[in-house]
Amino acid sequence: MPRKATVQSDEKQIAVKTNIVKRLVKEVAHYRAETQEHVDRVNKMRSEGKDPYDIKKAQEVLEETRMMIPDSKRRLNDAIEDLDVFLDAVGDKPEVLSSASYPEAKDFVTKRDTLLAD
């Protein structure tokens, strides 16, 4: 028996889209912090004269972490763009304007460049 497609209310959609952006903001911040931790770790290993193989492996982990930042930022930009398009389409409806997520959603759209900056 096929499932029925459900139509989400605009209030629910703005909450979901805002929470997606919120999660991705945290993800980008996490990868930035993790990158800095790996940089410090590699520098410490070099200054302590650790085994070159261990340093190389730590450097590889650092590079893998660095590669995650652009992907996370791209997904964050896409999520903010989706939220912006949604707000343009339904942002004048009373249920959207009165939703708890509306001020935060507008704030994310307004601060897009800051959130995506290095």
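Helices (H or I, at least four residues) and strands (E, at least two) are taken here as DSSP runs, numbered from the N terminus. In these terms the protein follows the pattern α-α-α-α-α when read along the sequence, and its secondary structure comes to five helices and zero strands. The model is predicted, so that local features need pLDDT of at least 70 and side-chain atom pairs count only at pLDDT 80 or more, while totals for chains, interfaces and linings use all residues. Residues are numbered from 1 along each chain as its sequence is written, and side-chain values use heavy atoms, with hydrogens and water left out.

The overall dimensions were considered next. Taken along the principal axes, the C-alpha atoms of the protein fill a box of roughly 65 × 40 × 20 Å. The radius of gyration, taken over C-alpha atoms, is compared with a globule rule of 2.2 Å times the number of residues to the power 0.38. The protein has a value of 20 Å, whereas a compact globule of 118 residues would have one near 13 Å. A residue is called buried under 20% relative accessible area, exposed over 50%, and partly exposed in between (1.4 Å probe, protein chains only). Buried residues make up 33% of the 118 residues. With contact meaning heavy atoms within 4.5 Å, 76% of the contacts between residues at least 6 apart in sequence join residues at least 24 apart.

Helix α1 covers residues 10-47. The expected span of a helix is 1.5 Å times one less than its number of residues. For the 38 residues of α1 this should give 56 Å, and the end C-alpha atoms are 56 Å apart, which agrees. Just after α1, G49 takes a positive phi of about 70 degrees.

The nonpolar interior was then examined. A nonpolar core is a set of buried Ala, Val, Leu, Ile, Met, Phe, Trp, Tyr and Cys residues joined through side-chain atoms within 4.5 Å. The largest such core has 18 residues, of which I14, V21, L76, I80, L83, L87 and V96 touch the most other members. Helices α1, α2 (52-90), α4 and α5 (112-116) each supply at least two residues of this core. The largest share, seven residues, comes from α2. Apart from this core lies another, of six residues, among them V39, I55, A58 and L62. In soluble globular proteins, nonpolar side chains tend to be buried together. Leaving aside neighbours within four places in sequence, V96 is in contact with D10, I14, L87, V90, G91 and Y102.

E27, in helix α1, counts as buried because its relative accessibility is 19%. Its contacts, apart from neighbours within four places in sequence, are with S72 and R75. A polar contact is a pair of N or O atoms within 3.5 Å; within protein, one must be able to donate a hydrogen and the other to accept it, and residues adjacent in sequence count only if both atoms are side-chain atoms. The side chain of E27 makes such a contact with the side chain of R75, at 2.2 Å. K73, found in helix α2, is likewise buried, with a relative accessible area of 14%. Not counting residues up to four places away in sequence, K73 touches V28, R32, L116, A117 and D118.

A117 lies in the segment after α5 and counts as partly exposed at 36% relative accessibility. With residues up to four places away again not counted, A117 touches R32 and K73. The C-alpha atoms of A117 and K73 are separated by 9.0 Å, although the two residues are 44 apart along the chain. A29, in helix α1, is also partly exposed, at 42% relative accessibility.

The loop between α3 (94-97) and α4 (102-110) contains S98, which is exposed with a relative accessible area of 58%. The side chain of S98 reaches the backbone oxygen of P94 at 2.9 Å. P94, found in helix α3, counts as exposed at 61% relative accessibility. Computed from C-alpha to C-alpha in the model, S98 and E11 are 8.6 Å apart in space and 87 residues apart in sequence.
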